[in-house]
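Welcome! Have a go at each task before reading on.

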Amino acid sequence: MFLAETPGCPSPALGSNRVIPAAMEADPADQLKVRRFDDKDQSNVSLGCCGWILVILSYFFMIISFPLSIWLCMKIVKEYERAIIFRLGRILAGGAKGPGLFFVLPCTDSFVKVDMRTISFDIPPQEILTKDSVTVSVDGVVYYRVQNAILAVANITNADSATRLLAQTTLRNVLGTKNLSQILSDREEIAHNMQTTLDVATDEWGIKVERVEIKDVKLPVQLQRAMAAEAEASREARAKVIAAEGEMNASRALKEAAMVISESPAALQLRYLQTLTTIAAEKNSTIVFPLPMDLVQNIMGAGK
């Protein structure tokens with residue numbers, strides 16, 4: 001039997017087939033989330049006929065051996081922990097258990113503890129080639145915590161190891177797009193970009209990245225020497241400019257002083273006497289004091 005589709009009345013079979021390409025055109029990350037949530041929902045729907053038989057038998061043996069089985073059924077998790085219960089390999093409905101006391105079936109249930117406290121780890125030093133072709137070694141520190149215990153257990157094998165590896169690659173990718181001057185000056189912006197990228201990537205794992213910090217940026221020894229020489233040369237250039245400006249200002253002041261003294265010859269004599277007083281105050285045994293030629297000529301002329 002063949003189904004034909006008319007222009008105004010599509011068949012149900014063909015209509016159902018058309019939904020599949022629309023779902024396939026969605027974002028792969030969204031498809032992964034939908035698939036994982038569907039799997040979780042299906043695990044909570046039914047355990048199957050054999051599963052329910054095993055659960056009933058487990059309850060039966062627990063009731064028979066009640067005084068002793070109660071110690072196997074009671075479990076305790078601490079305030080900062082949560083327990084994910086698996087019944088016949090499927091996550092039990094109700095989400096994570098804890099903190100405090102909860103019960104499990106000895107034969108069919110198993111549980112996994114998840115630490116909900118903030119965890120910190122160091123990013124090993126990464127050799128990074130910057131945008132301006134400079135090789136630097138950068139390390140950092142990341143703070144994260146488990147936000148959803150079920151996703152951290154069901155969606156990934158080892159959330160801690162995956163977060164560490166992702167932090168290393170993210171550090172290289174982010175710093176590879178920056179210049180050396182930007183890495184040295186914009187650490188807060190780089191840390192914020194890394195935190196945002198890590199938080200989005202680890203959301204499917206139930207991980208919340210709280211903080212990222214850049215610890216140290218190590219430059220090659222030759223580059224350090226070159227930067228030190230450049231800084232020293234720039235300081236010497238500024239010092240020479242400042243000295244030249246001082247000489248220029250001093251010469252202008254001397255020029256103005258000479259113009260004032262030239263207006264009154266007596267002022268020059270007073271200046272000589274002041275200079276002599278200043279020299280004599282230092283208790284020198286020999287004083288060499290220059291005399292102006294016009295004064296000597298006047299003295300010699302008076303003697304003749």
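The protein holds 11 helices and 8 strands. Please keep in mind that this is a predicted model.

**Exercise 1. Find the order of the strands in the open sheet of 3 strands, and name its edge strands.**

Solution. 
- Step 1: Reading across the sheet gives β6-β7-β8, with antiparallel pairing.
- Step 2: An edge strand pairs on one side only, and this holds for β6 (119-129) and β8 (207-218).
- Step 3: From one strand to the next, the twist averages 25°.
- Step 4: Within it, D139 has D216 in β8 as its bridge partner.

**Exercise 2. Are R87 and D109 buried or exposed?**

Solution. 
- Step 1: Locate the pair. R87 is in strand β2 (residues 81-87) and D109 in strand β5 (residues 109-115), 22 residues apart.
- Step 2: Their side chains meet in a salt bridge, at 2.8 Å from N to O.
- Step 3: Buried means under 20% relative accessible area. R87 has 14%, so R87 is buried; D109 has 12%, so D109 is buried too.

**Exercise 3. How far apart in sequence are K215 and D122, and how far apart are R145 and E210?**

Solution. 
- Step 1: The closest N and O atoms of K215 and D122 are 3.8 Å apart, in a salt bridge. Because K215 lies in strand β8 and D122 in strand β6, the pair ties together parts 93 residues apart in sequence.
- Step 2: R145 and E210 also form a salt bridge, with 2.6 Å between the closest N and O atoms. R145 belongs to strand β7 and E210 to strand β8, 65 residues apart.
- Step 3: K215 is partly exposed at 43%, as is D122 at 49%. R145 is partly exposed at 28%, and E210 at 32%.

**Exercise 4. Which residues form a nonpolar patch on the surface?**

Solution. 
- Step 1: The patch consists of I53, L54, L57, F60, F61, I64 and L88, with about 650 Å² of accessible area together.
- Step 2: Take F60, which lies in helix α3 (residues 48-64). With a relative accessible area of 47%, F60 is partly exposed.

Definitions and conventions
Residues are numbered from 1 along each chain as its sequence is written. This is a predicted model: local features need pLDDT of at least 70, side-chain atom pairs count only at pLDDT 80 or more; totals for chains, interfaces and linings use all residues. Side-chain values use heavy atoms; hydrogens and water are left out. Patches are made of residues with over 30% relative accessible area and no salt bridge: like charges are joined within 9 Å, nonpolar side chains (Val, Leu, Ile, Met, Phe, Trp, Tyr) within 5 Å. Accessible areas come from the Shrake-Rupley method with a 1.4 Å probe; for residues, only the protein chains shown count as cover. A salt bridge is a side-chain nitrogen of Lys or Arg within 4 Å of a carboxyl oxygen of Asp or Glu. Helices (H or I, at least four residues) and strands (E, at least two) are DSSP runs, numbered from the N terminus. Buried means under 20% relative accessible area, exposed over 50%, partly exposed in between (1.4 Å probe, protein chains only). Two strands pair if DSSP finds at least two bridges between them. Axes are lines fitted to C-alpha atoms, for helices over the stretch in contact, and angles run from 0 to 180 degrees between N-to-C directions.
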